[in-house]
Amino acid sequence: MTFVMRLEFVDTVCDDSLIHTYVNNQKLGYEFQVRLSYYRGHYLSCIEELKVMVDGEEVDPTDMTFCLNNKEFTMAQIPYLISEFWKVNEAATIKVYAPGGLEDGEHTIDVTLLLRNAYMYVPGNTPKHNYAVLNSSGSKTLPVRVKKGVKVDESN
């Protein structure tokens, strides 16, 4: 597989973005934000691979959604999103369904994010596509925080 030079313009995992997700005072998961570590945006259909590991455990893709442009998508929808553009200066939110959520404290988030560069044709690059691949992966240890303005009753 041909990779484009890795250019770390920004951290892929955004600082201070790991928060609990609550529904009816029940902790149902967590979410965090990611950015493209590149100098230009991409269509979501150009995502070649998106994997998330939290504290060394891989998150099941069926338990994740990808949120961008005020829309929420399943991982299965990503290859078909030919008109959804991820601007280089915008953060996307990854939501993870995990009843009980994460324990309070710090957690290490590893994101594997590989994107096809549709403007860099490389014949015979991969069995699926003939384009160079951008490695926009990243890792960060973040504390879980409570979303501003959310009042949570932890007694339930």
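Biologist: Why is the pairing of K87 with E90 called a salt bridge?

Modeller: The term requires a side-chain nitrogen of Lys or Arg within 4 Å of a carboxyl oxygen of Asp or Glu. The closest N and O atoms of K87 and E90 are 3.8 Å apart, and therefore the pair qualifies. Side chains of opposite charge can pair when their charged atoms come close. This is a predicted model, in which local features need pLDDT of at least 70 and side-chain atom pairs count only at pLDDT 80 or more, while totals for chains, interfaces and linings use all residues. Residues are numbered from 1 along each chain as its sequence is written, and side-chain values use heavy atoms, leaving out hydrogens and water.

Biologist: What makes K87 and E90 buried, exposed or something in between?

Modeller: Buried means under 20% relative accessible area, exposed means over 50%, and partly exposed lies in between, with a 1.4 Å probe and protein chains only. K87 has 44% and so counts as partly exposed; E90, at 28%, is therefore partly exposed as well.

Biologist: How many salt bridges does a search of the whole structure find?

Modeller: The search finds six. Among them is K95 with E72, with the closest N and O atoms 3.6 Å apart. This pair links distant parts of the chain, for K95 is in strand 9 (residues 92-97) and E72 in strand 7 (residues 71-74), 23 residues apart. K95 has 28% relative accessibility and thus counts as partly exposed, as does E72 with 45%. Another salt bridge joins K51 to E49 at 3.4 Å.

Biologist: How do you know that the side chain of S17 makes a polar contact with C14?

Modeller: A polar contact is a pair of N or O atoms within 3.5 Å; within protein, one must be able to donate a hydrogen and the other to accept it, and residues adjacent in sequence count only if both atoms are side-chain atoms. The S17 side chain reaches the backbone oxygen of C14 at 2.8 Å and the backbone nitrogen of Q33 at 3.1 Å. Both distances are therefore within the limit.

Biologist: What makes a group of residues a nonpolar core?

Modeller: The name covers a set of buried Ala, Val, Leu, Ile, Met, Phe, Trp, Tyr and Cys residues joined through side-chain atoms within 4.5 Å. The largest such core has 33 residues, of which Y30, F32, I47, F66, W86, I94 and V111 touch the most other members. At least two of its residues come from each of strand 2 (26-34), strand 4 (47-54), strand 6 (64-68), strand 9 and strand 10 (106-121).

Biologist: Which residues is I47 in contact with?

Modeller: Contact means heavy atoms within 4.5 Å. Leaving aside neighbours within four places in sequence, I47 is in contact with F66, I78, W86, L113, L114, L115 and R116.

How values were computed: Helix = DSSP H or I, 4+ residues; strand = E, 2+ residues; numbered from the N terminus.
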